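Q: Got a structure open here and a few quick things to ask. Can we go through it together?
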Amino acid sequence: QLTPIPPRLYSIASSLAAHPDEAHLCVAVVRYETHGRKKTGLASGFLGDHSQVGQTLPVYVQEARHFGLPADGSRDLIMCGPGTGIAPFRAFLQQRVADGATGRHWLIFGAQRRGADFLYGDEWLAYQRQGVLHRLDLAFSRDQPEKIYVQHRLRENAREFWAWLQGGAYFYVCGDAKQMAKDVHQVLLDIARSEGGLSPEAAAHYVNTTLMKTEKRYLRDVY
């Protein structure tokens with residue numbers, strides 16, 4: 001009599017070119033309290049608190065058909081992913097390195113605290129030292145009195161962001177759909193107006209139609 005439990009979909013955080021026969025996941029355990037009882041997310045709680053090394057779990061792969069790398073390795077990538085939204089971008093960079101892609105990479109990452117939440121931080125910093133990650137902008141909201149989020153970093157670097165975009169860069173956004181994705185979208189519209197000199201109507205058409213539908217260079221995986 002109960003409805004089936006819906007599947008939980010996690011972005012794969014690794015490339016087969018870098019890790020053959022492996023699929024890495026980046027999972028944040030959902031923890032909350034309701035009716036005086038502490039609870040965890042069904043899938044994330046199991047993976048984080050109860051699963052064991054060597055345990056076999058039934059999984060399946062669902063292809064993200066509209067969230068992948070450009071065929072042209074010379075294209076620049078701008079990747080915006082707070083929290084576990086960072087997962088596909090780790091896979092992207094691993095694949096681009098394996099492919100010998102010549103395009104530049106810009107990562108905009110946000111979380112609460114650098115000391116505890118800089119996911120794959122050592123890897124990103126290593127990529128930066130190697131010249132693979134050409135720009136890294138971080139937004140840790142709780143490390144200072146004022147809250148700083150990825151959309152703030154995007155707005156602070158509006159001119160360079162617009163230059164990359166006009167040069168053919170792909171812009172990827174992954175993560176929270178309720179607030180982050182909406183805020184980033186609004187900043188993108190604002191940048192089209194301030195840096196591109198477009199009217200509100202022209203900016204909306206450029207972002208919502210040209211970038212998203214015609215050129216397919218503004219790609220989102222939000223949840």
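Q: Start with glutamate 160. Buried, partly exposed or exposed?
A: Partly exposed. This is a predicted model, and in it glutamate 160 has 32% relative accessibility. Buried would need under 20%, and exposed over 50%.

Q: Which side chain does glutamate 160 meet in a salt bridge?
A: That of arginine 135. The N to O distance is 2.2 Å.

Q: Which residues are linked in a network with them?
A: Asp137 joins in. Arg135, Asp137 and Glu160 form a network of salt bridges.

Q: Why can side chains pair like that at all?
A: Opposite charges can pair when the charged atoms come close.

Q: How many salt bridges are there in the whole structure?
A: Eleven.

Q: What does aspartate 190 pair with?
A: Arginine 155. Their closest N and O atoms are 3.2 Å apart. This pair links distant parts of the chain. Aspartate 190 is in helix H7, residues 180-194, and arginine 155 is in helix H5, residues 150-156. That puts them 35 residues apart.

Q: What about arginine 75 and aspartate 72?
A: Their side chains also meet in a salt bridge, at 3.9 Å from N to O. The cut-off is 4 Å, so a distance of 3.9 Å counts. Arginine 75 is partly exposed at 28% relative accessibility. Aspartate 72 is partly exposed too, with 38%.

Q: New topic. Where is threonine 210?
A: In helix H8, which covers residues 200-214.

Q: Why does threonine 210 count as buried?
A: Its relative accessibility is 17%. The limit for buried is under 20%, so threonine 210 falls on the buried side.

Q: What does threonine 210 touch?
A: His205, Glu215 and Lys216. That leaves out residues up to four places away in sequence.

Q: Last one, histidine 35. Where is it?
A: In the loop between strand E1 (31-34) and strand E2 (37-40). Histidine 35 is exposed, at 79% relative accessibility.

Q: How far is histidine 35 from histidine 19?
A: Their C-alpha atoms are separated by 43 Å. Along the chain, the two histidines are 16 residues apart.

Definitions and conventions. Residues numbered from 1 in each chain as written. Predicted model: local features only at pLDDT ≥ 70, side-chain atom pairs only at ≥ 80, totals over all residues. Heavy atoms only, no water. Helix = DSSP H or I, 4+ residues; strand = E, 2+ residues; numbered from the N terminus. Buried < 20%, exposed > 50% of the residue type's maximum accessible area, 1.4 Å probe, protein only. Contact = heavy atoms within 4.5 Å.
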